[in-house]
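The tour below moves from one group of aromatic rings to the next.

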Amino acid sequence: MKSSSHNTANGSYARRSIFTTRAMVTVSLLSALSYVLMLLESPPFIGFLRLEFSDVPAIIGAFWFGPAAGIVIEFIKNVIKAITASKTLGIGELANLIVSIAYVVPASLLFRKLKGRYKSVLAFGAATLSMTVAGFLMNYFVTIPMYAKMYGGIENIVAAASMIPGINDMFTLILIGITPFNIIKGIFLGVVGHISYEMLKKTIHFE
């Protein structure tokens with residue numbers, strides 16, 4: 001009987017839809033919370049990189065309703081930020097959207113698929129790798145070149161990180177300055193996201 005109940009619970013977990021009234025209300029609330037948390041940033045790291053908790057509501061939403069919910073939360077958060085409080089003409093919000101989706105989607109897919117004690121470690125580890133790769137490509141081909149146009153050339157962007165040994169061009173800026181930050185951020189989000197989800201599911205019956 002216990003096994004049957006467990007299978008039924010898993011089936012219900014897999015069938016949760018983002019299109020129910022409860023889901024849409026929850027996603028809206030998580031989007032608002034994500035936006036507020038995005039405004040609560042840490043002190044800057046090499047000028048424009050900051051740690052913040054805004055991806056945690058998207059992680060929780062994606063774990064509960066699936067990756068589409070996480071994408072919606074990230075999109076709403078960044079659109080509101082771009083309209084109301086952007087300091088980068090939308091460049092930072094675009095980068096945040098792409099990199100955050102690269103983290104939230106694989107984390108939620110693997111978390112919902114994997115079983116066992118270490119599924120969170122595997123899910124967030126893969127998500128961190130995905131975000132790191134996406135962040136490198138996004139920064140190399142889009143974000144840093146756009147910042148360079150805004151601030152008078154790549155030399156000025158590189159100069160902002162000149163306190164870090166080994167940074168002398170765009171490639172080393174991303175490899176040495178930004179990539180380690182994204183790895184740390186991925187671990188940070190994994191720990192906070194896991195703890196938050198485990199605490200909330202006991203209260204509002206995530207599983």
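Rings of Phe, Tyr and Trp (its six-membered ring) count as a pair if their centres lie within 6.5 Å. The model is predicted, and by this rule it holds 11 aromatic pairs.

Begin with Phe-53 and Phe-188. Their rings form a tilted pair, with 5.2 Å from centre to centre and 50° between the planes. This pair links distant parts of the chain, 135 residues apart: Phe-53 lies in the loop between helix 2 (21-39) and helix 3 (55-65), and Phe-188 lies in helix 8 (residues 170-204). Colour the two residues by accessibility next. Phe-53 is partly exposed at 38% relative accessibility, and Phe-188 is also partly exposed, with a relative accessible area of 24%.

Now select Phe-136 and Tyr-140. Here the pair is stacked, with centres 6.3 Å apart and 5° between the planes; an angle under 30 degrees is what places a pair in that class. Both residues belong to helix 6 (residues 119-150), where they are four residues apart, about one turn of the helix. Tyr-140 has a relative accessible area of 30% and is therefore partly exposed.

Which residues form one aromatic cluster? Select Phe-63, Tyr-103, Phe-111, Phe-124 and Tyr-197, which together make up that cluster.

The charged end of Lys-119 sits over the ring of Phe-111, at 4.2 Å from the ring centre. The tour ends at this contact.

Key
Residues numbered from 1 in each chain as written. Predicted model: local features only at pLDDT ≥ 70, side-chain atom pairs only at ≥ 80, totals over all residues. Heavy atoms only, no water. Phe/Tyr/Trp six-rings, centres within 6.5 Å; stacked < 30°, edge-to-face > 60°. Helix = DSSP H or I, 4+ residues; strand = E, 2+ residues; numbered from the N terminus. Buried < 20%, exposed > 50% of the residue type's maximum accessible area, 1.4 Å probe, protein only. Lys NZ or Arg CZ within 6 Å of the ring centre and 35° of its normal.
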